[in-house]
Amino acid sequence: MALIETQKPVLDIAANIPAMLFAQVEAHGPQTILRRKDRGIWKSMSWNDLGKAIRQAAMALKASGFRRGEVACVLADTSPAWVITDFGVLSSGGICAGLATAETAEQLRQRLADCRCRILFVGNEEQLDKVLEIRAGCPALERIVIYNFKGLRDFNDPMCESFQAFLARGEIYDAAHAGEWAMGLAAIDGEDGAALIFTSGTSGAPKAVMLNHHSVLAQVANAAALLGQRAGDERLAFLPMSHFMERILGIYQAIYSGTVSNYVESAESVRENLQEVMPSVFCAPPRIWEQFYARITVAVSEATWLQRKLFDWAIGAGQRLVSAGASAGPLLRLSAGLGSRLVLRHVRQRLGIDRVRVGCIGGAPVSPALVRWYGALGTHLVEFYGLSEAAGLMMATRADPGRSSGVHQLVSGGEVKLSPSGEVLVRDDNIFSGYWRAEGRPERRLDAGFFPTGDTGRLENGVLRITGRLEDLITTRSGGNIAPSEIEAELKFSPYIADALVIGDPNGALAALVAIDHENVERWAQDKRIAFTGFASLARSDDVRGLIEIEIQRVNAMFAEPVRSFRLIDRKLEPDDPELTPMMKLRRRFVSEKYRELIEGMY
């Protein structure tokens, strides 16, 4: 068992989450804290405007009979309205639960029943239709509040109202009940439930994690100190608020540190909005960083001879600098500096990450080569390990040339160690209250004070590397255990592979399901004059299969146990598909079952 160095915890935190926000409102009233791009125009919201809207939302909830300790749910894309609702629910003494927009109607019915949800907030007509389909099976549901009424002008239902009408009701109720707002805020205890966050469900059914105010605030303060996020920073808000990465490490940490959150116009506009904002803080799952790398790799391959030579010189100098660390000489530093300024800066600008000071990658195992490539590019990523049960960030690893390992790893205020079986164990005062059950009893399991995460890891030069999930380990023909996530991460480092699922056949040999990167493989096929009519015919092409086989052989050279067979998924996976989690990870069990025939064909 090995313990990792722990950061000194931040002790000076607010009494509860609304208290943190309203202290900032009082200190920075007219300054901008949120922006939202709407119909091509960035619109700002000040701390004062945000505080006013939150108060209206909280009082509207009280006017609707919402009681302390009850759960309100949100089924919507990330937006300022989501933020207002979240803090409004917390300010009224309630618990706010975010639901993934890709949930099926039946999954949604189960979530609402488990939460005993009486008030539900939905984003638009699409989400409303899904709720109306199953509301008969949700006897506790009394009110539905709709953020965007587009397409619903003639819609009339006594259970439903617009978000604007909801806030107006809150303002009227507030005026008629003097003193209730202040009394309600004062009654919120740090141990009260605050956030109900559903886990990703990568390898099974999502579980609802109950977090209290104190746990969230402690982790937010520790994470801000660990990452160095501060007032004046700008961030892009685009990840789902139903996940802790956006809700806790995103908006809560932004509110705590005074970072301005810029909300994208839509999921399709993330690239464009990133280039417009040029944030100083950008945290994203590996898939986003992999996509950026793939775009640049393919663009370089299509550039002129001179452009390729310049890029190869600049990125090569950056890679040598990263490898040399503290021992880098002045000539290497000069060469890498010139390459960064003259060549790589334009690459970073094209991606929208030229101003990134705090760049984070986490949520799934990542290829070390990907992190090194970004370091060479001039964007130094912090690898973070977090989990919903720990209220967010648990451990961060950043480049540090002065250390023999080349990195510095710190735990965010708690303890992390490995069990004899290689499972990651965490102990912290801020570990969750428990998993929420339908009967309302939170439950959790502890092992001698440590929470068994179900994740696996190993120590390399004193650095803990997260390798995957314990239940996903594959026993090979030699009798050893393989973490498929490590092989998958290296496969996804290819610009031609969007995702991969490594599995073990009954004899212990490794096989893989591969989803090709549509954009990059399509461009490759066009350059090679390979005929195809659509995504399915592209994935079935012998030439494309040969391309992916080369990529698999490259990865096989890195591991003792090779992938011996593979199949290509002949449909493009979209973010809302059930195969993917909200953080764009493959749901292992679901995919294994859905593509069982394809998998069995490899045996």
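The following legends describe an overall view and close-up views of a predicted model. Local features need pLDDT of at least 70 and side-chain atom pairs count only at pLDDT 80 or more, whereas totals for chains, interfaces and linings use all residues. Residues are numbered from 1 along each chain as its sequence is written, and side-chain values use heavy atoms, with hydrogens and water left out.

**View 1. Overall dimensions of the protein chain.** The protein chain has 20 helices and 26 strands; helices (H or I, at least four residues) and strands (E, at least two) are DSSP runs numbered from the N terminus. Along the principal axes, its C-alpha atoms fill a box of roughly 70 × 55 × 55 Å. The radius of gyration of the protein chain is 25 Å, in agreement with the value near 25 Å for a compact globule of 603 residues; this radius is taken over C-alpha atoms, and the globule rule is 2.2 Å times the number of residues to the power 0.38.

**View 2. Crossing of helices H2 and H3.** The axes of helix H2 (residues 47-63) and helix H3 (residues 80-91) come within 8 Å and cross at roughly 55 degrees. Axes are lines fitted to C-alpha atoms, for helices over the stretch in contact, and angles run from 0 to 180 degrees between N-to-C directions. H2 is therefore oblique to H3 (under 35 degrees counts as roughly parallel, over 145 as roughly antiparallel, 65 to 115 as roughly perpendicular and the rest as oblique). The crossing of H2 and H3 is right-handed, meaning that the near helix is turned clockwise from the far one by less than a right angle, anticlockwise being left-handed. Leu50, Ala53, Ile54, Ala57, Ala58 and Leu61 of H2 make the contact with Val83, Ile84, Phe87, Gly88, Val89 and Ser91 of H3, contact being heavy atoms within 4.5 Å. This contact has 10 nonpolar, 2 polar and no charged residues (Ala, Val, Leu, Ile, Met, Phe, Trp, Tyr, Cys and Pro are nonpolar; Asp, Glu, Lys and Arg are charged; the others, Gly among them, are polar).

**View 3. Crossing of helices H12 and H13.** Helix H12 (residues 305-324) and helix H13 (residues 330-351) have axes that come within 8 Å and cross at roughly 130 degrees. H12 is thus oblique to H13. H12 passes H13 in a left-handed crossing. The residues of H12 in contact include Trp313 and Arg320, and those of H13 include Arg333 and Val343. By class, there are 14 nonpolar, 3 polar and 2 charged residues in this contact.

**View 4. The antiparallel sheet S17-S18-S20-S21.** This open sheet of 4 strands has antiparallel pairing; two strands pair if DSSP finds at least two bridges between them. Strand S17 (415-418) and strand S21 (463-469) stand at the edges, each with a single partner strand, so one side of each lacks a neighbour in the sheet. Direction ignored, neighbouring strands are turned by 45 degrees against each other on average. Strand S20 (residues 451-460) is joined to S21 by 6 bridges, and aspartate 455 has arginine 469 in S21 as its bridge partner.

View 5. S24 pairs with strand S25 (residues 510-516) in the antiparallel sense over 7 bridges, and the bridge partner of aspartate 499 is alanine 515 in S25.
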